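Please look over the sequence and the model before reading the points.

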Amino acid sequence: MSPSQEAVDLLHEIAAVLRDDGPIAVGTMFRSPGLRSGKKIVAFLGSGDVLLVKLPRTRAAALVAEGSAEPVTMGSRTMREWVEIPTQTDPDATRTAWTDYAREAFSFVRGTA
């Protein structure tokens, strides 16, 4: 299942916001639209319109423990620095949450966290 056009549009909006923080590009990661800083993947869209973000292991584990995110499993391997952030019923809440988590991931990937 491909991400919806609304999710793709939101990803482009997030990229525009994050450009104030440094160089970021929208491209394809794992056959899905995503955000990249240089050669490092920051975030990408998953099926079912979730945003997968790369965060420090302890932060990712804390988000999973509190129920704000789900762990990411690729094949049989759980990716300890990656979590899925779901959409919310309110589109503005999704925009805010995804932007905040993407900014956090961008900072982490760039080593400025």
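This is a predicted model: local features need pLDDT of at least 70, side-chain atom pairs count only at pLDDT 80 or more; totals for chains, interfaces and linings use all residues.

The points below take up confidence, salt bridges and one serine in turn.

1. The mean pLDDT of the chain is 93, and 98% of its residues reach 70 or more. Confidence is lowest in strand 1 (residues 25–29), where the mean is 89, and highest in strand 4 (residues 50–54), where it is 97.

2. The model contains five salt bridges. One of them joins Arg 95 to Glu 13, with the closest N and O atoms 2.9 Å apart. This pair links distant parts of the chain: Arg 95 belongs to helix 3 (residues 91–110) and Glu 13 to helix 1 (residues 5–18), 82 residues apart. Arg 95 is partly exposed, at a relative accessible area of 31%, and Glu 13 is likewise classed as partly exposed, at 37%.

3. Arg 95 and Glu 13 also belong to a network of salt bridges in which Asp 92 takes part.

4. A further salt bridge is formed by Asp 21 and Arg 103, whose closest N and O atoms are 3.0 Å apart. Because Asp 21 sits in the loop between helix 1 and strand 1 while Arg 103 is in helix 3, the pair ties together parts that are 82 residues apart in sequence. Asp 21 has a relative accessible area of 33% and is partly exposed; Arg 103, with 32%, is partly exposed.

5. Arg 59 forms a salt bridge with Glu 104, and here the closest N and O atoms are 2.6 Å apart. Arg 59 lies in helix 2 (residues 57–66) and Glu 104 in helix 3, so this pair ties together parts that are 45 residues apart in sequence. Arg 59 is partly exposed, with a relative accessible area of 29%. Glu 104 is partly exposed as well, with a value of 25%.

6. Is Ser 37 buried or exposed? Ser 37, a residue of strand 2 (residues 32–37), has a relative accessible area of 11% and therefore counts as buried, the cut-off being under 20%. Its side chain reaches the backbone oxygen of Pro 23 at 3.3 Å. Apart from neighbours within four places in sequence, Ser 37 is in contact with Pro 23, Val 42, Phe 106 and Arg 110.

Methods
Residues are numbered from 1 along each chain as its sequence is written. Side-chain values use heavy atoms; hydrogens and water are left out. Helices (H or I, at least four residues) and strands (E, at least two) are DSSP runs, numbered from the N terminus. Buried means under 20% relative accessible area, exposed over 50%, partly exposed in between (1.4 Å probe, protein chains only). A polar contact is a pair of N or O atoms within 3.5 Å; within protein, one must be able to donate a hydrogen and the other to accept it, and residues adjacent in sequence count only if both atoms are side-chain atoms. Contact means heavy atoms within 4.5 Å. pLDDT is the predictor's confidence in each residue, from 0 to 100. A salt bridge is a side-chain nitrogen of Lys or Arg within 4 Å of a carboxyl oxygen of Asp or Glu.
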